[in-house]
Amino acid sequence: MMRKARLHRLLLLFAGTGVLLYLLACLGLYLQQRALLYFPVAAARTDPAHRETLRVPDATLQLAVQHHDGDEALIYFGGNREDVSQTLSDYAAAFPGRAIYMLHYRGYGGSSGEPSEAALHADALALYQRVRQQHARITVIGRSLGSGVAIRLAAQRPVEQLVLVTPYDSVLNVAQEQYPWVPVSLLLHDTFESWRVAPQISAPTLLIAAGNDRLIPPEHARALLAAFRPGVARLMILPQAEHNLRNVLPEYFRLLVQTLPLR
């Protein structure tokens, strides 16, 4: 009997230790979640002619800009770890007839403040308001993390066209796949649930997924596509592409140029 009692206490100790370690792991993820979601990068030195500042109530944001007179403008929201000042030249070459505005998120590229879902959405609205003062027709592109910013902006403001590159249906669903042992829905602050706002989109929308994307597999783009109203969105999958699209950039930009012709 004494051996059984000792074994029982030992099992309870092991179980209790396991539960404690699990709870500590969940607590660590909860406390560090924004550090795991956002990876701010510094901006490369660029020509001052391609930099602007956007002041919002609680932050000063940096923009990478290609100026161009006329009605047509393109707003771009980049991915995580992306220095959009380095991205600008590729888009400027592809779209010489448009003004281009790229946002350095809070904490990225010299922008002040800390990134969060609410802050990024508020900053996107502020950028849109500024661009709309000079350009009547605005196209919006969002890549990876930025796809969630772009789709919500397009749901709240009129845009000519919307392009979502390696998009997710929600960060919540992507995180749940990566951490299946954690109750992510109970812990995550910034869920970026793009599928919720997709039915509000009326602008023609192109979703571009990467066939070899291990970070955000194409299944998430398909799930997001299903949330749009019929006829609004279409999905293109680049079969050989990886998440950052670097191995298929010529094909990617050809697709963009075909999709977004000037009026």
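Is Arg 106 buried or exposed, and what is its relative accessible area? In this predicted model, Arg 106 turns out to be buried, at a relative accessible area of 6%. Its side chain meets that of Asp 58 in a salt bridge, 2.9 Å from N to O. That pair links distant parts of the chain, 48 residues apart: Arg 106 sits in the loop between strand 4 (99–103) and helix 4 (117–132), and Asp 58 in the loop between strand 1 (51–56) and strand 2 (59–66). Asp 58 itself is exposed, with a relative accessible area of 55%.

Arg 106 also forms a salt bridge with Asp 123, this one at 2.7 Å, N to O. Here the partner lies in helix 4, 17 residues apart from Arg 106. Asp 123 counts as buried, at 2% relative accessibility.

Salt bridges that share partners also join Asp 71, Glu 72, Arg 98 and Arg 137 into one network. Within it, Arg 137 pairs with Glu 72, their closest N and O atoms being 2.9 Å apart. Arg 137 belongs to strand 5 (residues 137–143) and Glu 72 to strand 3 (residues 72–77), so the bridge ties together parts 65 residues apart in sequence. Glu 72 is buried, at 9% relative accessibility. The overall count comes to 9 salt bridges.

On the nonpolar side, the largest core has 49 residues, and those with the most contacts inside it include Phe 77, Val 140 and Phe 228. Helix 5 (residues 145–156) gives the most to this core, with 7 residues. Val 140 touches Ile 75, Phe 77 and Leu 153, among others. A second, separate core of 26 residues includes Ile 141 and Leu 206.

Conventions: Residues are numbered from 1 along each chain as its sequence is written. This is a predicted model: local features need pLDDT of at least 70, side-chain atom pairs count only at pLDDT 80 or more; totals for chains, interfaces and linings use all residues. Side-chain values use heavy atoms; hydrogens and water are left out. A nonpolar core is a set of buried Ala, Val, Leu, Ile, Met, Phe, Trp, Tyr and Cys residues joined through side-chain atoms within 4.5 Å. Buried means under 20% relative accessible area, exposed over 50%, partly exposed in between (1.4 Å probe, protein chains only). Helices (H or I, at least four residues) and strands (E, at least two) are DSSP runs, numbered from the N terminus. Contact means heavy atoms within 4.5 Å. A salt bridge is a side-chain nitrogen of Lys or Arg within 4 Å of a carboxyl oxygen of Asp or Glu. Lists of a residue's contacts leave out its neighbours within four places in sequence.
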